[in-house]
Amino acid sequence: MPSLQSVISCLSDYDPSALPVAKANAIIGDVIEPVGGIEQLAIRTALDRVLAEDVISSIDVPAHDNSAMDGYAFSSAALADAGSDVVLQVIGTAYAGNALGSPAGPGQAVRIMTGAVMPDGCDTVVPQEFVEIQAGGNQIRFAADAVRAGDNRRLRGEDLASGQAALAAGRILQPADIGLLASLGVAEVKVRRRLRVAFFSTGDELRSIGEVLDPGCVYDSNRYTLHGMLRRLNVDLIDMGVVRDDPEALEAAFRSACENADAIITSGGVSVGEADYTKQIMAQLGDVTFWKIAMRPGRPMAFGRITSNGREALLFGLPGNPVAVMVTFYHFVRAALHRLMGAKVAPLPLMRVRSAGTIRKKPGRTEYQRGILAPGADGTLEVRVTGQQGSGVLRSMSEANCFIVLAHEQGTVEAGESVEIMLFDGLI
Ligand code: AMP
Ligand code: MG
């Protein structure tokens, strides 16, 4: 993988103390390459895993032209020949899974069920609701304008043609993909190995659940949100607890994390005025840079790679404030881990909706306010902020259903103007 220093030295206007969000993401993207290691899994077990190679269809899906409706198959030539009504003789029935032996000729039709193979000589299906049955079921009559040539017929290979890439390498397999693989008769696929991610909290004021909350102390919540966010990324987790602000304890934690994980995520101890040892130890163990990102919440962040006993791991030193942890995770770490696991994931779409109120904002930084998207008084969608937006107010994340993303250059938004939002659904 390219070194952080070599990536940074190529940038003309690199300023670690006022780094725009997009630039930080570009640097992270350039430094990371996917981990090696591939395993073969039964398709059901491969849900949420990253496909390691393209899956090429070896068959046409569907394998034959077939009917999309219960009705009668016939040749569309009958439509051209007919007056206002078409009258056809019914010569047999085609059931799904059974091919009809004899073809239908001019003036003939075949009763057909959904999914049954189109009999030879037939290219159109008239749904049974449009048909008047005559001669004790041996003849049908329907209006010539009830269907057009080719209606209600599914074409061979219309879902997937043989030789076509059904799924591309890098795809995180979704339920539909597992079904698609089954439709191709594929039993197993090659996927990338799962990432191992170690994480811990730093700070002497942190107490774990079950401990007494001494004066000035807070319960460690970051490890819990990180645990949840990482679980959703389907990685293997190494929860290393709270690490005291002690150089030996910190070094031991970083080394152990580095030797056992592909990536390490810490929270706390990376702000400018930090009195603790976290930054010092991070810098000592590797190629780490300390950024002040032009964003809110979540300004300070450490990023790089550390080494211990010949093993390397990516490092994300997130800020300590609980909302800042989540925002920096979603807007930096998530994409970075996707890249590390070899996944190709499109950026989450931003939607434009009306802001219910005024949102104060200074140009020169990206803001991720927590919003609630809901129908307004007129029934159309609008977004409002969740009240208290402090970077320590975790309730704002819990109540919100979207980020209101206020771009770097954006100033204050007036009520009624449109803003960009990123829905949590799909993100979390
Ligand atoms: P720091 O970035 O270490 O200066 O921490 C900023 C703020 O976040 C402080 O108020 C810390 O008490 C708080 N904080 C740091 N780590 C955690 C954590 N794991 N859980 C909850 N709050 C935290
Ligand atoms: Mg601290």
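The legends below describe close-up views of a predicted model.

Local features are given where pLDDT is at least 70, side-chain atom pairs count only at pLDDT 80 or more, and totals for chains, interfaces and linings use all residues. Residues are numbered from 1 along each chain as its sequence is written, chains are lettered from A, and side-chain values use heavy atoms, with hydrogens and water left out.

**View 1. Division of the chain into domains.** The chain is divided into domain 1 (4-22 + 193-340), domain 2 (38-60 + 164-192), domain 3 (66-154) and domain 4 (351-423), with bounds that come from an automatic or database domain assignment. Between the C-alpha centres of domain 2 and domain 3 the separation is 37 Å.

**View 2. Crossing of helices H6 and H7.** Helix H6 (residues 247-260) and helix H7 (residues 278-285) have axes that come within 10 Å and cross at roughly 45°, which makes H6 oblique to H7. Helices (H or I, at least four residues) and strands (E, at least two) are DSSP runs, numbered from the N terminus; axes are lines fitted to C-alpha atoms, for helices over the stretch in contact, and angles run from 0 to 180 degrees between N-to-C directions. Angles under 35 degrees count as roughly parallel, over 145 as roughly antiparallel, 65 to 115 as roughly perpendicular and the rest as oblique. In the contact (heavy atoms within 4.5 Å), H6 contributes Pro247, Leu250, Glu251, Phe254 and Arg255, while H7 contributes Thr278, Ile281, Met282, Gln284 and Leu285.

View 3. Strand E13 (residues 196-202) pairs with E16 in the parallel sense over 6 bridges, and threonine 202 stands opposite valine 243 in E16.

View 4. Strand E5 (residues 85-94) and strand E9 (residues 139-143) pair in the antiparallel sense over 5 bridges, and valine 87 has arginine 141 in E9 as its bridge partner.

Methods: Pairing = 2+ DSSP bridges.
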